[in-house]
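Please look over the sequence and the model shown here before reading on. The report is meant to be read with both at hand.

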Amino acid sequence: AFFPPLGFAVTLALITALNWLVPLSLSGPIAGVGAALGIVLCCIAAALGLLAILAFRAVGTHVEPHKPTSAIVRGGVYRISRNPMYLGLILMTLGIGLWFGNLWVFPGAVAFWFALDRGVVAREEVYLTEKFGDAYTALLEESRRWL
């Protein structure tokens, strides 16, 4: 497992380094479209993160992934995804990459998603199933992991 915000920062650093070593960038008029789309994705990602934090606070559980969970969050953006904070990090990665025209963001975001899915989310699901039992198992059946 790893700390997701650190994975986000490492992903951005790696795609920046790759683009410096082997440029793979948007150019011309399409760069403006990519930048606009990137800004929109960043705004969506920020909104997802904020709404997820508010949902955690509403049920009185910790936002920090290294602290114990005291409640299952079902409302708000958690009706869309069981992992809106992580989804927000992936969308923010894509948004920043597109904003700056860095096409390395696509393989970088896929690798980051895979690392989150296998290295964080799968482990959290085991922990939450052990902690909350049938209540969490029901949530797994009712909602999607990502979208």
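**Overall fold**

The structure is a predicted model, and its protein chain has five helices and zero strands. Along its principal axes, the C-alpha trace of the protein chain spans about 55 × 25 × 25 Å. Of the 147 residues in the protein chain, 39% are buried, and the accessible surface comes to about 8,200 Å², with 72% of that area belonging to carbon and sulfur atoms. When the contacts in the protein chain with a separation of 6 or more are considered, 74% of them are between residues 24 or more positions apart.

**Two helix pairs**

Two packed helices are described by the angle between their axes and the distance between the axes. The crossing of α1 and α4 is right-handed. On the α1 side the contact is made by P4, G7, F8, T11 and I15, and on the α4 side by V105, G108, F112, L116 and V120. Sorted by class, the residues of this contact of α1 with α4 are seven nonpolar, three polar and no charged.

The other pair consists of α2 and helix α3, the latter covering residues 84-99, and here the axes are 7 Å apart and the helices pack at an angle of about 160°. That angle makes α2 roughly antiparallel to α3. The crossing in which α2 passes α3 is left-handed. The contact of α2 with α3 has 21 nonpolar, four polar and no charged residues.

| Residue | Relative accessibility | Class |
|---|---|---|
| T93 | 0% | buried |
| T69 | 17% | buried |
| A46 | 43% | partly exposed |

T93 lies in helix α3, and because its relative accessibility is 0%, T93 counts as buried. Not counting residues up to four places away in sequence, T93 touches F8, T11, L12, V105, A109 and F112. Among these partners of T93, F8 and T11 also take part on the α1 side of the contact between α1 and α4, while V105 and F112 take part on the α4 side.

T69 is found in the loop between α2 and α3. With buried meaning under 20% relative accessible area, T69 counts as buried because its value is 17%. Leaving aside neighbours within four places in sequence, T69 is in contact with T61, Y127, L128, K131 and F132.

A46 and A138 are 92 residues apart along the chain, and their C-alpha atoms are separated by 28 Å.

Definitions and conventions: Residues numbered from 1 in each chain as written. Predicted model: local features only at pLDDT ≥ 70, side-chain atom pairs only at ≥ 80, totals over all residues. Heavy atoms only, no water. Left-handed = near helix turned anticlockwise from the far one by under 90°. Helix = DSSP H or I, 4+ residues; strand = E, 2+ residues; numbered from the N terminus. Contact = heavy atoms within 4.5 Å. Nonpolar A, V, L, I, M, F, W, Y, C, P; charged D, E, K, R; others polar. Buried < 20%, exposed > 50% of the residue type's maximum accessible area, 1.4 Å probe, protein only. Areas by Shrake-Rupley, 256 points an atom, 1.4 Å probe, with all protein chains shown as cover. Axes fitted to C-alpha atoms, helices over the stretch in contact; angles between N-to-C directions. Parallel < 35°, antiparallel > 145°, perpendicular 65-115°, else oblique.
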